[in-house]
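Please read the points below with the structure open beside you.

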Amino acid sequence: MFGSLLGAAALSGALPRPGFAADGALRIGLKTLPAALNPLTVSDLVARQILGSMYESLTSVDPQGRILPGLATAWEASEDARRWRLTMRDGVTFHTGRPFTAADVKRSFEATLAGDGANFALLALSKVRGFRELRERTATELSGVTVIDDRTLEVVCDEPNSVFPFARIHIVDVEAAGKAGPDWFRRLSAGTGPYRLARSAEGIRIDVEANPGWRGGAVPFERVSFLATGIGNDGITLFNDSQVDFTFVDTDALRGVMDDPGFKRSLSNVQRMQMRVVALDPRRVKAFADLRVRRAMSLLIDRNAMAERFFRGVAAVHNGVVPPALLSNERLEPLAYDPTLARRLLEEAGYPEGRGIDPFTVTVVPEYRREFVYYVSQWNNAGIPAKLVTAPRQEFIARSRRRDYDSFLFGWTATYPDPMNFLDELFNSRSRFNPVGWSNAEFDGLVERAMAIADPDRRAEVYKDAECLVMQDLPVIPLVVPDYVALRGNVLSDNFITPFGGLNFG
């Protein structure tokens, strides 16, 4: 998820020349390219964007956020959502030439769990019977998954799991990958997606080529190249010079691009299915344990002004931690801007004008420095001793996952269109992705209850209660959520960007 601002002089009168794909090739500029592209251990958004061209999951999501069949064409849950029966698509072939069967789904689940560390698939599989034994290396097989026949799979969970088929778990030809060795993904394309790996110079350039056997038929481009542009204005410069056909616009560069009429025809934007917050760690800063301090810090942020002025109107203010497009929660109070009340709360908490709060750092990646200058200055004006620090992206990701910062920007983009993707995966006390270790037994109980409700409308009512508990305790401070904004050439459609941060390659 995770640049300096384009200067007025640099953009004044700029006339971008939209990049046209040459010879059936599409060139996508990304700030950085991942050091490794293992579909079985993916844990960051950029890697997911690239891998989405090559690997498919059980289900897919259209640009409007609706669940569609993927490698599974049908899925049926038991009444308590502990047992699932999935029907696999017929006639699918891996890039390796081997036919896809239900057994490949089980092998992919097991290979995903065999790796170390956190990845997007862990929580989706954590409730499947045999998960713990496989992670602890006391078993080599996921006992809760049974292959009935080539087209049918049964999944048994130890707990209700109403959203199981929707999570993104890449399905891989594990047999071919195993024969190719531990770094197979650098040389081998083993998915079923619309494109297959052609060449990889990790960190610099990744090329994929059209998969002639893709189940979806012909794809728009013969080749797609992912190029590392660097942060800041570099991607915009490359787009202007017709070196790339697509590039996201960094937050700090947004105002300059939006204000320049020369970019108007090339701009594309879509609202993000994302939670974006400041995570506050009470283990490191004692004052963060006091709700009044957390509320005061929230009340010092004028979100509406940020959305209109800083983000030029291409941003949304969420009153909770679930994007409103996924959960319209009328029970939430609007997030107000009230410096007077904030100062009163600080005094009530025993920190008049911020005195007594230990100095702390707010850490972000460089792209968000200008935005966070505003937040930190607002807190400083109220006497709260915050200091803004930037860290290189990879260092930031690693240390924030270890909760190695006093406070930090935390962003989470949905991988499937259900509030569970935010509530369970970020705020359940057992989740490895819980950004500040927040724990609430009542909340955990509500999430468990929702997991057993197959009907989405009934489940939504439980979600609303759970989200209200998070916002009452405010373990994180919600920020404005900017749209995905990009510059695109005429070769690309408006819906090339999805609300989930993916790229629509099909």
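**Notes on the model**

1. Sorted by class, the lining of the second largest cavity holds 7 nonpolar, 1 polar and 3 charged residues, where Ala, Val, Leu, Ile, Met, Phe, Trp, Tyr, Cys and Pro count as nonpolar, Asp, Glu, Lys and Arg as charged, and the others, Gly among them, as polar. This is a predicted model, in which local features need pLDDT of at least 70 and side-chain atom pairs count only at pLDDT 80 or more, while totals for chains, interfaces and linings use all residues. Residues are numbered from 1 along each chain as its sequence is written, and side-chain values use heavy atoms, with hydrogens and water left out.

2. The second largest cavity has a volume of about 80 Å³, and its lining includes Leu123, Phe164 and Asp424. Two or more lining residues come from each of α4 (122-125) and α14 (420-427). On a 1 Å grid over the protein atoms alone, a cavity is a set of points where a 1.4 Å probe fits but cannot get out, whereas a pocket is an open set with protein on both sides within 12 Å along at least five of seven lines; lining residues have an atom within 4 Å of a point. Grid points are joined across faces, edges and corners, and a volume is the space filled by probe spheres set on the points.

3. The largest pocket, with a volume of about 670 Å³, is lined by 29 residues, and Gly52, Ser60, Val61, Arg168 and Leu503 lie nearest its centre. Strand β2 gives the most to this lining, with 3 residues; helices (H or I, at least four residues) and strands (E, at least two) are DSSP runs, numbered from the N terminus.

4. β4 pairs with β5 (residues 83-88) over 5 bridges, and alanine 77 has tryptophan 84 in β5 as its bridge partner.

5. Another open sheet has 5 strands in the order β16-β15-β17-β13-β18, with mixed pairing, and its edge strands, β16 (386-390) and β18 (476-478), each pair on one side only. Within this sheet, β13 (residues 274-280) and β17 (residues 407-413) pair in the antiparallel sense over 7 bridges, with glutamine 274 opposite threonine 413 in β17.

Definitions and conventions. Pairing = 2+ DSSP bridges.
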